Each structure stands twice: as C-alpha cells, then as structure tokens.
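The following dialogue concerns the reading of side-chain contacts in a protein model. Please keep the structure in view while reading.

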Amino acid sequence: MTESWYAFRTYNSKNIYAYGTEQQAERYAEKINKDRDINVYGAYRVSDEEAAELKLEDSTEAFNLDEVEYDD
C-alpha cells in the first residue's frame, strides 16, 4: 500500500492534513464525520508538489494516520 499526503476538506473550515494509505484516509474521514449531517469532510490526495509547497513534512499541524486511535 502506497502512502501519500491527504487533505480532509469541508466547507468553511480549515483543512486537516495527514499522511497514510488511501484506506487509512477513508477510515479517518469516517471517524471525523461520525454524527455529522452537514459540513462533512472529504479525503483528497495531495500531490507531491502541493505537499512540498505546503511544507507538510515539517508542519506541526499535519500528522501520520498510523497514530490515530479508533474506538472499535
């Protein structure tokens, strides 16, 4: 499984950035959308160029999806 940067985006909110596999990104989107009816987050792959431009590797706000804890 290939790992990439992902942006979790919703209307009128700051993007959340995380690094992991597509499956991890989908699972995290489900977690943050739990109990939401509006302003639902979508997961979008970030290109390598955009990740470099945003300096995601050095960002204290971006995280690795391996570190996310789930209730199940």
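Predicted model: local features only at pLDDT ≥ 70, side-chain atom pairs only at ≥ 80, totals over all residues.

Q: How many salt bridges does a search of the whole structure find?
A: A salt bridge is a side-chain nitrogen of Lys or Arg within 4 Å of a carboxyl oxygen of Asp or Glu. The search finds 2 salt bridges. In one of them, Glu-50 is paired with Arg-9, with the closest N and O atoms 3.7 Å apart. Glu-50 belongs to helix H2 (residues 48-54) and Arg-9 to strand S1 (residues 4-9), so the pair ties together parts that are 41 residues apart in sequence. Helices (H or I, at least four residues) and strands (E, at least two) are DSSP runs, numbered from the N terminus.

Q: Which residue forms a salt bridge with Lys-14?
A: Lys-14 pairs with Glu-61, and their closest N and O atoms are 2.6 Å apart. Lys-14 is in the loop between S1 and strand S2 (16-20), whereas Glu-61 is in the loop between H2 and strand S4 (63-64), 47 residues apart.

Q: Is Lys-14 buried or exposed?
A: Buried means under 20% relative accessible area, exposed over 50%, and partly exposed in between (1.4 Å probe, protein chains only). Lys-14 is exposed, at 59%, and Glu-61 is exposed, at 53%. Glu-50 is partly exposed, at 28%, and Arg-9 is partly exposed, at 28%.

Q: How many aromatic pairs does the rule count?
A: Rings of Phe, Tyr and Trp (its six-membered ring) pair if their centres lie within 6.5 Å; planes under 30 degrees apart count as stacked, over 60 as edge-to-face and the rest as tilted. The count is 3 aromatic pairs. The ring centres of Phe-8 and Tyr-28 are 5.0 Å apart and the planes are at 75°, so this pair is edge-to-face. Both Phe-8 and Tyr-28 are buried. Together with Phe-63, Phe-8 and Tyr-28 form one aromatic cluster.

Q: Which charged ends sit over the ring of Tyr-70?
A: A charge sits over a ring if NZ of Lys or CZ of Arg is within 6 Å of the ring centre and within 35 degrees of the ring normal. The charged end of Arg-27 is 3.8 Å from the centre of the Tyr-70 ring, and that of Lys-31 is 5.3 Å from this centre.

Terms used
Residues numbered from 1 in each chain as written. Heavy atoms only, no water.
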